[in-house]
Amino acid sequence: MDVASLAKLFSTTFDANPNARKAGELEIRQAARQEGMLTAVLHIVGSNEMDIATRQAAAIYLKNRVQKSWDNSAAGKKRPDYFDIAQSERDALRASIFPLIIASPSPNVTIQLTTTLRVMIADDFPEKWPDMMNTIKTLLGSSNIKEVMAGCTAILEVVKVFRYRQASEVLAQMAGEVFPQLATIAAHLLASPPGPSQDIPTILHMILKSYRNSIVLQLSKHQQSPESIVPWGRLLFQVIDLQIPAEAVPQDEEAREKSEWWKAKKWAYSILGRLFHRYGNPSQLPSAMKDDYGAFAEHFISTFAPEIIKNYLQQVELLVSGQVWLSKKCQYQILQFLTECVKPKATWVLIKPHAQTLVQSFIFPQMTFTPRKQDLWESDPVEYTRMTIDQYEDFSDPVSAATSFLYSLASNRTKATFLPILGFINSVLESNAEPQQKFGALCMVSALHHFMLRHPDVRPKVEQFVVQHVFPCFTSNLPYLRAIACEIIADVEKLKIKWTKEENLATVSQAIGNALNDPELPVRVQAALALTELVETHKSVEELVRQQVDKVIQDYLKLADETDLDVLNNSIEVMVETYSEELVPVATQLTTRLADSYLRLLRENMAQEAGADAEMDPSALTGDDDKTFAAMGVIKTIATIITSLGSNKEILAQIQEIVIPIVMFTLDNKQIDLFDNIYELVDSLTFNLRRIDANMWQVLESTYKLFKSDAVDFLDEMLPSLDNFLSYGADVIKTSPNFKMMFLDIYTTGMTSEQLGENDRVNASKLIESFLLNLRGEVDDAIPIIVPIALKQLDEANSRALRLANLETLINVILYNAAAALQCMESHEAGSARKFFDKWFSALKMEHGFPRVHDKKLSIMAMSALLELDPAAVPPTLQEGWAGIVSATLHVFRTLPVAIEKRKALEDAFEGEDEDDEDEDGEPVALEIDDEEGDVWDEDSSYLEYLASEGLRLRTKAINRQSGIEDDDEDDDSDDESEIDEELGFISPLDSVDPYTSFKQALTTFQMKNPAAYQAATTSLDVEQQTLLMEVMTIAEKNSTAAPAA
């Protein structure tokens, strides 16, 4: 296709006529298979004669084509949308990509070309594109600023590709060869005073971002050396100290935040923070990293950290005095760094003299009710509420970092800082401070409530503090004070504040009840959260709410619909659990309301995904996480309603008809993020109903289709529901060859698919066990399919869980039809039956070979079935040892009572968990205040230590595997031999079977059918076994006598 015709086709892709767009896209797709197509596309993108829209459309096509088809490995070619790119076109693209980026007519085109370059780098560099780095170095050395910018763009893309690859030689080589050149370029750019041109700050931004991304996981030897760290450190301080004139950045603060100059400053702060946090803090450096970074850490904390702290304190002083402006992200980075400085002794001694000043002059202003917060409250109260509740999740908001700094001071340097901070808070609240400042002081209380209620001197005074400073806020005419009052009540209730006066609790409950009807949404949300805590803690409040629970639930639902906050769904869930009896009459209406909310959330999320311009904003394709989490919360609430209804089958059936459409909507639209929650809902419904109604079978059909396409790795989530279909819908499945085929195919796929791992194979084995137990006598034709698969796994299974689950698949086949099973084993391969028996009986002798009650009952029942076989059905390879089945069965009987006791203890412990939790929550743990000036090692430090050591172990294991070195991993061995716990939620047809009477009956049949083997079996028993046999017979007789009476 010639260039002009192709350009015309690209111009139709943004035609207002949808039919013209569709026709153009179809023609472009058909032309994709023609060699020379990409060469023509490159010509269009680089042609100044074409309009920008056409060039952009061509660039988008180029990016998409490269993303789908550049990887021409065997795996890449399996993609359904893969169109091979000829070698000549690959060479042309490698030769053209940098000139195209240099000459790009717009940022939008540059974005597409940059993404294209990243894909090429990921697949080609360095092996297939060895000269690329020389090209980049040439660009960096150019006097043309556009070429320098293209070189910096390329470096950034290389770093992005390799930043998460452990021990990357590419990054280490770049750090030594290219990064010194980048530092020189940056220093040269800073020699000129900042001006309105965006090229210089853009290049500076990319250089600093490249360095920051290069140190995500590792700091190369070169980067640790003085030859590197000194010039880069000097550069970073230069950027931080750089005074940017007003004319170089936008006047609007939001636009200024996004300007290239302030992006460059943000990355400079971020680099210093990363260097200290991961590599330069010896007291917090994990043991696994000390060999690589111990010396650097000691040097950094003694040489660089003091200078950084000094600089940051100066920046803060200039900011609070109004002499400079700092972007929010820069303030965030400063606060993050200062927070990191609290735990190490070497930096704490530098921070300590300034701690109280920082709290009063820098932290406190962040917490006050600023004009920015006021604007957000008025313009978007939902976003304001979300920001307040999820502030720790905002990694750019200084309020979040300020709260973390306060928390770190209070938890790590309690003795030196906590009471002075509280003294400052009291001074603000007891003065004639402005309401905005009182709000800030109360926000600090909210941040520190965890410590206030654990401090032995402060806890007794908290009630009076609340009465004096929080109660008046409930009647304030300022809504933000009413909101923070509700928030503090929720905080102190979480830690079980003791109200010494009943009238104070009555005042709180009345005030929170009134706030639930407040005209301002943020107040209502905080009131709802506070009321939930009050209901959970105080019986008196629980009873008060009981009188109007219908209205309260409706208020909660309305708030959840207005805000899509997951935390409100948690509150609704608590209310449903607490008032389950009262809500029975309105359970269907409540579920309908929740189902409508769920569908709304999904539709809005799907619309956002569909409406997002995937070419210009690929991140938008992920939809809205808040809506997804809110939808998860709704599903959990519906599940709670189902559980609370228990055995009320009539209402459950009504709720099922409401729930099935939302289940099908989720599955049909492949909302994979919600599959876990949806299958929990199906499991809960089918389990509580103990039946499968006609409408529910469509869920099984859809589940099977999804498993065979998009959701093959969701067997773990699907298994409980699939087991319920078999347990409670067996009569229907027995009459449906299609349903039988589905279950058998899921097992076959689960056991053989290369996409799946051992845990999936365990789940597949559990599924086929349920299949065989629930469909006894109805699936004979499945045996020849199951047996070869399970026999193959006897040698391939690595984990103990899979070895047991797979062995029990074959044991279930024996139980299903012993004669057919043995015949099938021998038909598969001579000696297979003997091999299986050897593994089975060997596992029986192991201490934890068959640990659970179900495992033992299954083995007893299967061996009983074997004893009832006609002698002619026993393979010759097994006849010699056939009499040993009796002693093997007695061995299982010996361990069965212990397993039953363990299961009973586990059930009792599970039932007592709620009471234990209540006891644990009764009193918060007292605060440790005998710290002080040394290094602090806390839970966060221990967690980072664990992550680092585990990462090192896994990396070593991977390297050994690649090198062909045998891995004697003791941890893996211990994990493999760890105890397999009882599955209390698993219900099996064997639960109602008495193994004692079954064995007694089988032994009688054995004596009749095979007297010689019976004689050999019983006479070979030792005294202990004979005694045990008599005990088993006695229990069997007792059970068989008791059964008719029962």
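Analyst: Happy to. Among contacts between residues at least 6 apart in sequence, 74% join residues at least 24 apart, where contact means heavy atoms within 4.5 Å. A word on the source: this is a predicted model, in which local features need pLDDT of at least 70 and side-chain atom pairs count only at pLDDT 80 or more, while totals for chains, interfaces and linings use all residues. Residues are numbered from 1 along each chain as its sequence is written, and side-chain values use heavy atoms, with hydrogens and water left out.

User: Thanks! How many helices and strands are there?

Analyst: There are 55 helices and 0 strands. Both come from DSSP runs numbered from the N terminus: H or I of at least four residues for helices, E of at least two for strands.

User: What does the C-alpha trace span, and what share of the residues is buried?

Analyst: Along its principal axes, the C-alpha trace spans about 105 × 85 × 65 Å. Buried residues are 53% of the 1046 in the protein. Buried means under 20% relative accessible area, exposed means over 50%, and partly exposed is in between, using a 1.4 Å probe and protein chains only.

User: Can we look at one helix? What about H12?

Analyst: Helix H12 covers residues 199-214, 16 residues in total, and reaches 23 Å from its first C-alpha to its last. That is close to the 22 Å expected at 1.5 Å a residue, the expected span being 1.5 Å times one less than the number of residues. H12 is mostly covered, with 13 of its 16 residues buried.

User: Now the loops. Where is Ser 104, and what does its side chain reach?

Analyst: Ser 104 is in the loop between helix H6 (87-102) and helix H7 (107-124). Its side chain reaches the backbone oxygen of Ser 106 at 3.0 Å. Beyond neighbours within four places in sequence, Ser 104 is in contact with Val 109, Thr 110 and Leu 113.

User: Is Ser 104 buried or exposed?

Analyst: Ser 104 is buried, because its relative accessible area is 18%.

User: And Tyr 82, where does that one lie?

Analyst: Tyr 82 lies in the loop between helix H5 (74-77) and H6. Tyr 82 counts as buried because its relative accessibility is 11%. Tyr 82 and Gln 67 are 15 residues apart in sequence and 9.4 Å apart in space, C-alpha to C-alpha.

User: Which peptide bond is cis around Pro 126?

Analyst: The bond from Phe 125 to Pro 126 is cis, with omega near 5 degrees. Pro 126 is in the loop between H7 and helix H8 (132-140).

User: I also want to check backbone angles. What is phi at Lys 670 and Arg 690?

Analyst: Lys 670 has a positive phi of about 50 degrees although it is not a glycine. Arg 690, also not a glycine, has a positive phi of about 55 degrees.

User: Where are those two?

Analyst: Lys 670 lies in the loop between helix H36 (649-668) and H37. Arg 690 is in the loop between H37 and helix H38 (697-707). Lys 670 is partly exposed, with a relative accessible area of 42%, and Arg 690 is partly exposed, also with 42%.

User: Changing topic: how many cavities does a search of the whole structure find?

Analyst: The search finds 5 cavities of 30 Å³ or more. On a 1 Å grid over the protein atoms alone, a cavity is a set of points where a 1.4 Å probe fits but cannot get out, and lining residues have an atom within 4 Å of a point. Grid points are joined across faces, edges and corners, and a volume is the space filled by probe spheres set on the points.

User: What lines the second largest cavity?

Analyst: The second largest cavity has a volume of about 60 Å³. Its lining has 13 residues, and Ala 560, Asp 561, Asn 569, Ser 597 and Val 634 lie nearest its centre.

User: Which helix gives the most to that lining?

Analyst: H34 gives the most, with 4 residues.

User: Last stop, Thr 385. What does it touch?

Analyst: Thr 385 is in helix H22 (residues 381-389). Not counting residues up to four places away in sequence, Thr 385 touches Leu 521, Pro 522, Val 525 and Leu 565. Thr 385 is buried, with a relative accessible area of 1%.

Key:
1 Å grid on protein atoms, 1.4 Å probe; cavity = no way out; pocket = protein on both sides within 12 Å on 5 of 7 lines; lining within 4 Å. Polar contact = N/O pair within 3.5 Å; in protein donor to acceptor, adjacent residues only side chain to side chain.
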